[in-house]
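This briefing concerns helix packing, aromatic pairs and backbone geometry in one protein model. Please consult the sequence and coordinates shown here.

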Amino acid sequence: YKIAAKEKFDIVILSFYGAIVSSIILLVLTLLFSNVESVPSLVLLLSFVVTATYLMTTVGKVKALEYVDSTIFFPLYKVFGPAVVILVGLLFFGERFTPIEWIGLVLSLLIPFLLISKSENQRQIDLKMGLFFLGVVVIIGGFGNYAWKLGSDIAPNTWMYVLIVELFMIPISFGALYKKYKNNSLTVLKDVWDMNFMKMLTVIGVANAVAGSAIVFAFTAGGTLGIVHTINSLYILIPIVLSIIFYNEHWNKRKALAVILSIAALIFFA
């Protein structure tokens, strides 16, 4: 996502082609490990909601990263995101958390004070806009995770559920594409191809198929919404470190401490 933001890739086009690649991978896995069968209408509805919210959060992430550094966005996103999901699990799934997990919530409240300052506001392209898109992504993502968990609880065939979610991404992302480009949509889809785009497409297609499957199977294996989502959030260090290495993003002791506190909060959550 950071590369997509920096290189000005159209995330909607990338999502459309990525959904096709992921769907092909998941169809093969479904045929190998399960079977193609019909699913209840409620599962179809939840699959659509999961896909729509995922696309919206993906676009929101890229927009946020256009305005702020990864070292600002990801620590905040990967604390507030799990916090919202834990709240959803508490209210709608009857999940209960230990005093140690509540300590993680308190720790998370310290992180914005380390990342947001007057000097940071001047360093970023537009801190307020970046934080606005962060808030939008967190709220929509929390709703999407609720649908994701609920669907995995009631779907009779887990592989089919994951496949349908990814298949829905194709028409939804094309609809977003058509809204943006109208009758030029097919021309845009043809003109985007080059080696860099193919590399990005391969990574996103494979990553979406593997990560999506892993999360759903974690739910079906008994994982709670809050814990599964929080553990998934531990990838926070990877984009931050890579952005510092390849994009020379600003780094200081306050941000280092914020990353440490983010990880500590996530550990307490988990």
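The points below are grouped by topic.

The model is predicted: local features need pLDDT of at least 70, side-chain atom pairs count only at pLDDT 80 or more, and totals for chains, interfaces and linings use all residues. Residues are numbered from 1 along each chain as its sequence is written, and side-chain values use heavy atoms, with hydrogens and water left out.

**Helix packing**
- The axes (lines fitted to C-alpha atoms over the stretch in contact) of helix H3 (residues 41–67) and H8 come within 8 Å and cross at roughly 50°.
- Residues of H3, including Phe48 and Tyr54, meet residues of H8, among them Phe168 and Met169, where contact means heavy atoms within 4.5 Å.
- By class, this contact of H3 with H8 has 14 nonpolar, three polar and no charged residues.

**Aromatic pairs**
- The count comes to 15 aromatic pairs, with ring centres within 6.5 Å.
- Phenylalanine 73 and tyrosine 77 form a stacked pair, at 5.4 Å centre to centre and 10° between the planes; stacked means planes under 30 degrees apart.
- Phenylalanine 73 and tyrosine 77 are separated by about one helical turn, because they lie four residues apart in helix H4 (residues 70–92).
- Phenylalanine 73 is buried (under 20% relative accessible area), at 2%.
- Ring pairs also link Phe9, Phe16, Tyr17, Phe174, Trp193 and Phe197 into a cluster.

**Backbone**
- Lysine 182, in the loop between helix H8 (158–181) and helix H9 (185–191), has a positive phi near 55°.
- Most residues other than glycine have a negative phi.

Key. Helices (H or I, at least four residues) and strands (E, at least two) are DSSP runs, numbered from the N terminus. Axes are lines fitted to C-alpha atoms, for helices over the stretch in contact, and angles run from 0 to 180 degrees between N-to-C directions. Ala, Val, Leu, Ile, Met, Phe, Trp, Tyr, Cys and Pro count as nonpolar, Asp, Glu, Lys and Arg as charged, and the others, Gly among them, as polar. Rings of Phe, Tyr and Trp (its six-membered ring) pair if their centres lie within 6.5 Å; planes under 30 degrees apart count as stacked, over 60 as edge-to-face and the rest as tilted. Buried means under 20% relative accessible area, exposed over 50%, partly exposed in between (1.4 Å probe, protein chains only).
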